[in-house]
Amino acid sequence: MGAVRDQGASSSGDGPDPAEAEWRPPARIRPKVGERPRQRVDVKALFGLASGGWAWTTAAKATIAMGSSFALSAYLFGPQVGALAALGSMTVLYEKKTPYVHRAIALALVGLGFVTSVALGSLASVSPWSAAVVIGLVAGTATWICQALRVDKPGALFFALVCAISTIAPGGFATVPLHTGVAAIGAAIGWVVSMAGAPFRGRHPEHRAVADAFRQLAALLRAIGTPRLDHVQHDASLAVSTAWRLVLLAQTRGYRDTPTAARLRALLRWVSDIHLAATDVSMARTEPLPDKVAEFADRLAQAVGRPELCPAPEELDEVRRGLRPRSLESRLYGSLARAAQTARKSEHEIEGRGTELYDTRYPPMLDSLRFGLSRESLIRPTALRMGITVTAAGLVGILLGFDRFYWISITTTAVLQGGNVVLTVNRSTQRALGTVIGVFIGVGLLYLHPPLPAVIVLAAVFQGLTQLVVGRNFFYASILMTPMALLLAHTAAPYPLDELAQSRVMDTIVGSVAGMLGALLLWRKAAASRLPQTIVDVLDDARTVVTEVLDPDVEISPERRYRLRRDLRADLLSLRGVYDSAVGDVPRAKTTQPLWPVVVATQRTGYLALAALALDNPPPASQITIQRLDLAFRELSAAMRERRAPRLGALPRLVDYPRINMELRALSSSMRTAVAEEDRAESLLRERRARRESHRAREEADADL
């Protein structure tokens, strides 16, 4: 059996025995396709808690940052301007998982973005019309930049929020320097709080990313032989990709040449190897693995940061007993055991297998921004939808006579963070219901006329509680976020409480409706229209990988191997993301639902290509076989691009890669079924149109009589 390689790894002493028997895959058994993702508007989606833990660390940091910045700025400049510092401190909510060396730069840029938003809002405060337009411009631009540069949630929301609040801060053009300076103080405090862990746990973010990847691999090992396989496979691949990105971001010049950094890169290599070995096993096995295997991977996750917790490789001897040395399970267990050998060491050789990285820490920023504006990207329609809808919502609010129209803009921004129609409807409902409850809480507190210190403490506590629950459910977060926003807004610009409560509820309802209309009317088909091309991209990359792996005349260099794997994995993740977005867009989702088997077969083909790419000495094929396989891939791509049934014909016999043929046949069959269903749906639509036209003609004839 050939050994698996990491992305761009070179052979060294930590690898498998080169004398190990050649790889012979077992008989072909196709795992059952998992249930199609279903996004619904129901009670569970609105009020149920999503899986995951509570964000205690983020909540604590948000509380400290807001409380300290609000108190300091209120003491120095007064409470009305101090609210801007509290908003500026929300930089602490960004880049929560990235390495500190990257976080320091990214948060500084986020803070600069906040200061710019405050400046624009202050300049636009001369007129409600200009304020509405500027808030929409900030929301759309922030959406584009955050998504293009992969800035994690909360994305554009707080850029729009600080811009909106700055439009009501007292003063005029003369106070713009003061407002921006106060916002900069808040952003700096948020930066300090977010970076507070660097002196004590400087390498924790990248260690946590690799540990999370091991945990997701454990979940994948548990999912083998179950209908959840395809969903968990995507989650595991996403975790592995995230770990690669974060470890890459941490490779500063002085750190990357240390034995500690080499150990983490070696562990990352084993994460990738185990994932692809598990992929091979999952495609050939319909029965669950022993529980001890997943438990072993969970303990490897603990050992990333604490080597003394690493399990002994000998613990897998019991599950390996009786297996053929050539079996796929033996390959998987061998990778787990060798990963444990690496994890037990506190350091690793600086040079050797798994320590080389063939990529830059920071992709060119201008290229990323430029791609976000390209026709192929979903970022452009998302940003345009955000900017146009938020602007229109604010202008409509002014026309309807809403004094505090900016709350409509803020609500619309929050609602459109959902992405597709179903998620937007969910978020708008959650936002509206949560705001109604939150208004009673916030106005009730304001009726008590709390002193400024109490306002500062309450705003900070509500901010922390919001961040604690927002990842689990947006409804409960809206309940907690509303009092915090009311306290800050009322401090910045006092307003009669009765009118405040009434207008806040009405603003939220109008903003929620505006967000839903924007999701329904603007670029609703963006994801669905891009899905066929995304499938084609995966097939094209998989074809390139498979043909190069099978060609005995092609020697894949480590750098080439890295880039092939990186690009194919990125396309696979994009495929699932585009499909999930498309099935949430109604009624367009009806045409994308039948494509789920196509997406699964394409996804499996891509992962099998990755697994073949991971072999050190893959079994080659003849040139005729490679040409026939290349033609099969091209025919499937052409059929998907033209939305027709593929004419695949007989596939070449791949003795060493039977599951690739199996998935290509399944892909061809599912494409034929999807095309037939689409033709049937179009036929029914034409019949309904014909009946309507016939009925209308009879009515007109009767009217003439």
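Predicted model: local features only at pLDDT ≥ 70, side-chain atom pairs only at ≥ 80, totals over all residues.

Trainee: Why are α17 and α19 called oblique to each other?
Mentor: Helix α17 (residues 421-447) and helix α19 (residues 474-492) pack at an angle of about 45 degrees, with axes 7 Å apart. Under 35 degrees counts as roughly parallel, over 145 as roughly antiparallel, 65 to 115 as roughly perpendicular, and the rest as oblique. Therefore α17 and α19 are oblique. Their crossing is right-handed, a term for the near helix being turned clockwise from the far one by less than a right angle.

Trainee: What is the make-up of the contact of α17 with α19?
Mentor: Its residues divide into 13 nonpolar, eight polar and two charged. Here Ala, Val, Leu, Ile, Met, Phe, Trp, Tyr, Cys and Pro count as nonpolar, Asp, Glu, Lys and Arg as charged, and the others, Gly among them, as polar.

Trainee: What makes α3 oblique to α7?
Mentor: The axes of helix α3 (residues 79-88) and helix α7 (residues 176-194) cross at roughly 40 degrees and come within 6 Å. That angle makes the pair oblique. This crossing of α3 and α7 is right-handed.

Trainee: Which residues of α3 make the contact?
Mentor: Val81, Leu84, Ala85 and Gly88 do, against α7 residues including Leu178, Val182 and Gly186. Contact means heavy atoms within 4.5 Å. The contact of α3 with α7 has seven nonpolar residues, three polar and no charged.

Trainee: How many residues has the largest nonpolar core?
Mentor: It has 110 residues, and Val210, Phe214 and Leu332 are among those with the most contacts inside it. Such a core joins buried Ala, Val, Leu, Ile, Met, Phe, Trp, Tyr and Cys residues through side-chain atoms within 4.5 Å. Helix α10 (residues 259-284) gives the most, 13 residues. Apart from this core lies another, of 81 residues, including Met90 and Leu487.

Trainee: Is Lys32 buried or exposed?
Mentor: Lys32 has a relative accessible area of 63%, so Lys32 is exposed. Buried means under 20%, exposed over 50%, and partly exposed in between (1.4 Å probe, protein chains only). Leaving aside neighbours within four places in sequence, Lys32 is in contact with Asp230 and Arg604.

Notes: Residues numbered from 1 in each chain as written. Heavy atoms only, no water. Helix = DSSP H or I, 4+ residues; strand = E, 2+ residues; numbered from the N terminus. Axes fitted to C-alpha atoms, helices over the stretch in contact; angles between N-to-C directions.
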